[in-house]
Every structure is written in structure tokens, then in C-alpha cells.
Amino acid sequence: MIPRHSLTQRHEQSCGLCCTKINNLGVTLGKTEILRDVNIHIHCGELTVLIGPNGAGKSTLLKAVLGEIPHTGELSFVDARGSDAKRPLIGYVPQRLEFDSGSPISVLDLFTVSLTGKPAWLIKPGSLQRRVTENLTRVQAAHLINRRLGDLSGGELQRVLLALALDPVPDLLLLDEPVSGIDRQGMELFYNLVSEIRHQFDLSIILVSHDLALVSEYADRVIFLNKTVIYSGKPAGLLLDNSLAQTLGSAWLKGLYGSQLSGMENRGGLE
Amino acid sequence: MDILHSLIGRLLPFEWAQYAFMKNALIAVLLVTPIFGMLGTMVVNNRMAFYSEALGHSALTGIGIGVILGLSNPLISMVAFAVLLAIAISFVKSSSTASTDTTIGVFSAIAVSLGIVILSRGGNFNRYASFLIGDLLSITPDEIVLLSIVFIAVIILWVFIFNKLVLVSVNPSLAHSRGVNVRLYETLFAVIMAVLVTISIQWVGLLIITSLLVLPPAAARNISGNIRRYTFISVTITMLSGLTGLVLSYYWGTATGATIVLISALLYFITLVSKPWFNE
């Protein structure tokens, strides 16, 4: 990463830019050690994709970063002026909602209950409506404002949740990729938006993904997690990492790249 | 209270509205049904019907404990036991991997059987049968004062905690990321439910209290697209069924609680049929 503010030399002790640091993070639940010695530094404006096999601790890491489960080690955020490290303000886009899809909660309601203390059952949102429309416009979803959450398609819901996570603008954005329910077109629209927003707001983004093929073109960096950080670097480098291929089997790695590689295979590029 | 009574007598020149017990029952309905309509929206959103059923069942054990302690009015032991149960369920729920249904089922089974064992000692269970069906017409002015306090307390709480509860119901992690203490609000709601259910049980009846909590919001969600409308319609349907049920039960000579539930069931089917006209 080339520091964009390389002319300002005030904070060489950190990353040169604002960044989020996860240092020696570990999680032990009961007697099971789920994560240990996780070290991740994420620069602002960088999209880091987190992958790993099932049970590798990806969602545990997200929950630890969110502060939902106790962890050792530390999480800090240093802004561009190099001021003291603080706990980052986190925006979170969940994998799925757990509500009953028949619930009469509109998109506007969701924003109202998240952004204000005024009881949504009693008071008309009024002035909030403009702010919500602005938020939704960012993700091309302004037309959805009065729709029920349960009536949205997977992709629309994902965009609405993204808009919500961006108000207030967070230091660190955590995205949990939905496993199902979004068509390819919807996914591409979503990642294009995320990619744009990353530069627009200079955000650090961690994206937990299950399909690297889909997101590798947007990723600045890939982190392969299996209890701890096994690989961290450019997306393409993951495949070239021999020790990784040995431990996991190259078939598994190829599976991660899915469609991209199957094209190569057909042309005899691999195997 | 006297002023209220004469006011009701003046405003409603009907035969049923001339009796003191009917006037008391009317005031009670006007106090209880709006809270049921409001809290019910969250019960349905969070799929907590089974949970409120368990709370209702726990009332039996609460009465039993009251009898053992020699309390003249078992209300205190009922509320205390239900609150304890509510906290226990939410604790076990968050610290065990068993499904919520199973956890609640276990607690509900213990509560109901323990209550029946205690109350049936010496073959006297019939004395408590009124709790199963409920008797709205037996409500006293003192109890109406208690209901008014609960009414005001629940509405004030609802103003402050509603938004957080909605967010938790949508996704707990999302709520957490926005600074909501998920456990606190879940427990708080469970406790409010416990208090409301146990206080109302002697008038509404253990067997049907969940129906009154679930039917009106289930009807309301058929024809509403946002939270304000949902709450408003749910409260309206609960009050409408409460008032209609009270009057009809007087003329029919039937149990008030069950009559009210039947009316709300009727309204549920009407909204279900008219659903297509309200969407879009």
C-alpha cells in the first residue's frame, strides 16, 4: 500500500495512515481455544477479505471485534492524525436477519429505531426521513424506504443494511457475506458499492467471504484464517503459498477460487 | 372511582352498564387491552407465544408457593415466581446451546406440574379452577388501582425501550454493534411480560391469556406495513374485542376472557381475508 498522505510525516509510528489494529487477539470459550494470536492491521481505504474453512473462527473473530464475546489481546483504531488509539466505531452488516419475515417493520422503521430514541410506534419519523433517503441513495435503494424488510430481496436487504452501517460513518466496517439468497447480479452490485464506498469514506473494511472467486477482484488483501492468521497478502498469492497448499490440499484452495480456476483447468492451465 | 362509575352510568345508558361489577370490568378492559395490544406486537415479532404460555403456567406454581407461605393474596408470590422464571429462561437461553423451544418447554413443564402437585394436595384443586378460566367480573376497585399503575408503568417503559427491542429482534449482533445491551433489554422485556401475564391471569384465565396476547397483533400484521400502523391496529383490535367480548359475555352468560378471545379470533380471520386489499 502506498501511503496517500506520504508527505505528512507526523505519524510514522503507526501505519502512516489511519488504521485499525488487532493485536494478539485470542478467544477461548469454555475450554476450547477458538482463536489465538490473531494479528491483523487494516489500513483505511482497504478491503480485506477474510476466508477460511468452516469452524475456522471467522464468525467468532467478527463477534470478538464487535465486542460481543470476551477476548484477549487488543483492538485499536488510530486515526490519520495519529491521535491516541481508541476502540474503533464499528459498522456491521449481518449475514442475515433473524426476524420473522412477516413482521411489519419498514426500512424507514429500521433506520428510526437504530438512529433515534424516539419511540417508532408513537412518533412519525418526520425530519429523519430526509436523512434516511440520503443514506439509501448511497446504495441505490432510496425507492425501498417504505417497503417491509420481509418483502425485500436478498440483495436489496443487503444494500439497506449497508446503508444503515454507514450512518454514522464507522472507522471499521464489518461485512458478513450472505451464504444464500442473493443472485450473482445482486452480489456484483453490492460489491461495486462497497468498493466505491471504501474510497469515498476512506474506510477499513473486513469482509467475511465464502466465495473468494466473487470478491477477489475487489480485495486489496486476503487473510486466510484457521484458528490464527495462516496467510495474509495479495489474493493471488494465496494460491502460490506452498505450505498452505500442503496443509489444506490444493483441491480445497482451488475450490475457493471456484469458477475462475475451472476456466483455467479447461484450458489445461492446471493439473 | 365513584366519579368514574357515575360517569359510565351516565354515558352508557344500557342495562349492563348499571351494575358496579360491570363498570369495574369495563375500566379493567380499557386498562388491560391496550397494553396487551402493544406488548403483543413484540411477542409475535419475536415468536414468543410459547414463552408467554410458559409464564402463564408458572402462575400455578406461584399460587402454590403463596398457599404454602400462607399468603392471603397469592399475587405477590405469583409475580415473584414468574419474574424469577423469566430471568432463569433468558439466562439458560443465552448460556446453553439447546434450542429456545426446548429450554422453555423444560421450564414450563416444571412450573405447571409443580404447581398442580402443590395445589392438588388433599384434593382441593377445584378451588383454583377459576385461574384457568379467569373471572373479569370479580375485579375489585383496589385491583383497578393496581392495574392503572401497571398501565402507566408499561407505557412509560415502552416509550424508552421499544426501539432497542425492535433492533434486538431484527438481529442481536446488529443491535450490539449499535451500542444496545442485548441481554439487558431481552431480560427487561421478559420481566415486563412476566408481570403483565401474572397480574392479568386471574381475570383473563390461564388457558387463554396467550391467545389474547397473540391474536390481535397477528391480525394487525396482516394489514400493516410499518411499526406505527402495526401497533395502532393491534391496540384497536384488542380494545374492540375486549369491549365487545365483555358486553356479549354479559348477555350470553359466558366467561368474559374466552368471549373476548373469540371476538379477536373473528377479527383475525377478517384481516386474513382482507389482506390482499391492503398490500400494495
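Predicted model: local features only at pLDDT ≥ 70, side-chain atom pairs only at ≥ 80, totals over all residues.
Local features need pLDDT of at least 70 and side-chain atom pairs count only at pLDDT 80 or more, while totals for chains, interfaces and linings use all residues. Residues are numbered from 1 along each chain as its sequence is written, and chains are lettered from A in the order in which they are written.

**Stop one: where A meets B.** Select the contact: 26 residues from chain A and 25 residues from chain B. Here, contact asks for C-beta atoms, placed from the backbone, within 7 Å. On the chain A side, color helix 1 (58-66), strand 5 (90-93) and helix 2 (107-115), which each give two or more residues. Helices (H or I, at least four residues) and strands (E, at least two) are DSSP runs, numbered from the N terminus.

**Stop two: helix 2 of chain A.** Zoom in here, as helix 2 gives the most to that side, with five residues. Eight of its nine residues are buried, meaning 20 or more other C-beta atoms, placed from the backbone, lie within 10 Å of a residue's own. Among them are A:L110 and A:F111. Now show what the buried residues pack against: helix 3 (128-138) and helix 4 (154-165) of chain A, plus helix 7 (141-170) and helix 11 (227-252) of chain B.

**Stop three: the two domains.** Color chain A by domain 1 (1-89 + 170-271) and domain 2 (100-167), bounds that come from an automatic or database domain assignment. 11 residues of domain 1 touch nine residues of domain 2. To finish, pick helix 5 (residues 184-201), which gives the most to the domain 1 side, with five residues.

Conventions
Contact = placed C-beta atoms within 7 Å. Buried ≥ 20, exposed ≤ 12 C-beta atoms within 10 Å, placed from the backbone.
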